[in-house]
Amino acid sequence: MPFWLVPMLIEARRSDQSVQHWGAVEALGEMRSNAREAVPMLELQLATNQQPRFRAAIAKVLGPIAGAGAAPALARALTGDQDPQVRMAALSAITALGPDGSAAIPGLVKAPADGAWRETRGPGE
């Protein structure tokens with residue numbers, strides 16, 4: 001991982017307004033599996049960052065970066081995050097993993113039972 005991305009990810013914990021942290025996540029997503037070194041930081045941010053939009057962005061790139069290894073963190077986001085946008089991003093990322101997402105199956109079974117999915121639908125759906 002390029003050394004200059006680490007400070008950007010650290011800054012992401014501090015502010016939702018920083019263009020740098022959004023750029024860092026986008027860059028890591030484009031690097032795909034070449035950015036595996038960033039997975040622990042991304043998983044930490046997915047679990048602890050205060051900004052739902054940022055957690056959702058991380059969920060979207062975690063699968064392409066970590067592959068099957070992303071399934072547990074995505075399943076935790078799917079079942080434990082309070083924000084519907086984050087849960088939907090996690091669900092989408094798990095789905096994109098295909099068979100590699102099998103570790104997330106318990107989360108997929110549990111998630112719809114919480115009723116939160118109704119919050120993510122648009123009018124008339």
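The largest pocket has a volume of about 170 Å³. It belongs to a predicted model of a chain with seven helices and zero strands. Of the chain's 125 residues, 44% count as buried.

**The largest pocket**
- The residues lining the largest pocket are Glu43, Leu46, Ala47, Asn49, Arg55, Ala73, Arg76, Ala77, Gly80, Asp81 and Gln82.
- Two elements, α3 and α5, each give two or more residues to this lining.
- The largest share of the lining, four residues, is supplied by α5.
- Sorted by class, the lining has four nonpolar, three polar and four charged residues.

**The largest nonpolar core**
- The largest nonpolar core holds 30 residues, and those touching the most other members are Leu42, Leu46, Leu62, Ile65 and Leu74.
- Two or more core residues come from each of α2 (19-31), α3 (39-48), α4 (52-66), α5 (71-80) and α6 (84-97).
- With nine residues, α4 provides the largest share of this core.
- Once neighbours within four places in sequence are left aside, Leu62 is in contact with Val39, Leu42, Glu43, Leu46, Gly67, Ala70, Ala73 and Leu74.
- Leu46 is both one of the residues touching the most other core members and part of the lining of the largest pocket.

**The chain as a whole**
- Read from the N terminus, the order of elements is α-α-α-α-α-α-α.
- Among contacts between residues at least 6 apart in sequence, 62% join residues at least 24 apart.
- The chain exposes about 6800 Å², of which carbon and sulfur atoms supply 55%.

How values were computed: Residues numbered from 1 in each chain as written. Predicted model: local features only at pLDDT ≥ 70, side-chain atom pairs only at ≥ 80, totals over all residues. Heavy atoms only, no water. Core = buried A, V, L, I, M, F, W, Y, C linked by side-chain atoms within 4.5 Å. Buried < 20%, exposed > 50% of the residue type's maximum accessible area, 1.4 Å probe, protein only. Contact = heavy atoms within 4.5 Å. 1 Å grid on protein atoms, 1.4 Å probe; cavity = no way out; pocket = protein on both sides within 12 Å on 5 of 7 lines; lining within 4 Å. Points joined across faces, edges and corners; volume = space filled by probe spheres on them. Nonpolar A, V, L, I, M, F, W, Y, C, P; charged D, E, K, R; others polar. Areas by Shrake-Rupley, 256 points an atom, 1.4 Å probe, with all protein chains shown as cover.
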